[in-house]
Amino acid sequence: MSRYKRILLKLSGESLQGKQGYGLDPQMLASYAAQIKAVADSGVQVGIVIGGGNIFRGLSGVGKGFDRVRGDQMGMLATVINSLALQSAIENAGGKACVLTSIPMGPVGAGIYSKFRAVELMNDGYTVIIGGGTGNPFFTTDTASALRGVEIEADVLLKGTRVNGVYTADPEKDPSAVKYDTVTFAEAIEKRLKVMDLTAFTLCMENGLPIFVFDMDTPGNLEKVAAGDDRALAGIGTLVHN
Ligand SMILES: Nc1ncnc2c1ncn2[C@@H]1O[C@H](COP(=O)(O)OP(=O)(O)OP(=O)(O)O)[C@@H](O)[C@H]1O
Ligand SMILES: O=c1ccn([C@@H]2O[C@H](COP(=O)(O)O)[C@@H](O)[C@H]2O)c(=O)[nH]1
């Protein structure tokens, strides 16, 4: 039995593109969906926030002549597309999932996000995917996952990404970077460890929500992490804590 009752899983949008280098890779979606269903079937309540980097990031739009706010709005819509895609994949795998959006979107999704609606749906056995980030420009889905994790009273924020933890520098750019098994929020913030943005770290630190950063692309990792067994966690990722 897991020591977690409820988790907030943050998934990278960029990872959803798989090897094709753009858009949505059906194999990645199916792999993520199977792992998420297994965790939900084990009795853990699952909330999810997905990034939009496989489709659009507001900052990258600025260099192409878009107003920053408009670009961020496009980025938030990209996260809704990814959320709907993941919902379909979970349903195809036989699971129960629904999408709540931070921006009112009429018939798209199951309604506007609120803590109480999300918790109600999780209590009814749904995996709840929260699309649209925070609903505000100048934020990221890292911050949205921290915010929603705190709001829904998750026991932990699981950041599933392409790297297997937090390093002294970006391991995709610096081969000499060294991995931490654990690191405090204070150190992550002071050393500007950019695996998540500072706003996300600060929100989690101030509200006592631990973060576990791990490699989501190795099948089986999510189930081990969600089981919360410290022995199994050694080597899989990095715990960021107070
Ligand atoms: N100190 C660090 N330790 C680990 N990873 C780091 C660090 N600094 C930067 N990174 C980078 O952060 C990335 C993880 O961030 P994330 O999962 O949010 O990816 P993303 O591409 O920004 O996602 P999205 O598509 O959701 O915007 C890693 O792939 C890694 O390259
Ligand atoms: O609260 C939010 C969340 C996201 N955005 C915009 O969406 C893109 C995609 O999110 P990533 O976290 O980068 O994957 C982001 O670059 C922002 O442009 C936002 O404005 N507000």
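Which strands does helix α4 lie across? Helix α4 (residues 115–123) lies across β1, β2, β3 and β4, and its direction is at about 155° to β4. What you're looking at is a predicted model, where local features need pLDDT of at least 70, side-chain atom pairs count only at pLDDT 80 or more, and totals for chains, interfaces and linings use all residues. Residues are numbered from 1 along each chain as its sequence is written, while chains are lettered from A and ligands numbered from 1 in the order in which they are written.

**The sheet**

- Eight strands make up an open sheet with mixed pairing, in the order β3-β4-β2-β1-β5-β7-β8-β6. (Helices, H or I with at least four residues, and strands, E with at least two, are DSSP runs numbered from the N terminus; two strands pair if DSSP finds at least two bridges between them.)
- At the edges sit β3 (97–101) and β6 (182–184), each pairing on one side only.
- On average, neighbouring strands of this sheet are turned by 25° against each other, direction ignored. (Axes are lines fitted to C-alpha atoms, for helices over the stretch in contact, and angles run from 0 to 180 degrees between N-to-C directions.)
- Helix α1 (residues 26–41) packs on the sheet, touching β1 (6–11), β2 and β4, and its direction makes about 150° with that of β2. (Two residues are in contact if their C-beta atoms, placed from the backbone, lie within 7 Å.)

**Around β4**

- Strands β2 (residues 45–50) and β4 (residues 127–131) run parallel and are joined by two bridges.
- β3 also pairs with β4 in the parallel sense, this time over five bridges.
- β3 is largely enclosed by the rest of the structure, because five of its five residues are buried. (Buried means 20 or more other C-beta atoms within 10 Å of a residue's own, exposed means 12 or fewer, and partly exposed is in between; C-beta atoms are placed from the backbone.)
- In a regular strand, side chains alternate between the two faces of the sheet.
- Here A97, V99 and T101 point one way from β3, with C98 and L100 pointing the other way.

**The two ligands**

- Ligand 1 is surrounded by 19 residues, and the closest are G13, E14, G51, G53 and T161. (A residue is near a molecule or strand if its C-beta atom, placed from the backbone, lies within 6 Å of it.)
- That shell splits into seven nonpolar, six polar and six charged residues. (Ala, Val, Leu, Ile, Met, Phe, Trp, Tyr, Cys and Pro count as nonpolar, Asp, Glu, Lys and Arg as charged, and the others, Gly among them, as polar.)
- Ligand 2 has 22 residues around it, the closest being G51, G58, D72, G75 and G133.
- The shell around ligand 2 holds six nonpolar, 13 polar and three charged residues.
- α3 gives the most to the shell around ligand 2, with six residues.

**Sites listed in the record**

- An unreviewed UniProt entry lists K10, L11, S12, G13, G53, R57, T161, Y167 and D170 under "binding site". (UniProt positions are given in the numbering used here, feature names are shortened, and annotations may be inferred rather than shown by experiment.)
- K10 lies in strand β1 and counts as buried because it has 26 C-beta neighbours inside 10 Å.
- T161 sits in strand β5 (residues 156–161), and with 21 C-beta neighbours inside 10 Å, T161 counts as buried.
- Not counting residues up to four places away in sequence, T161 touches S12, S15, V213 and M216.
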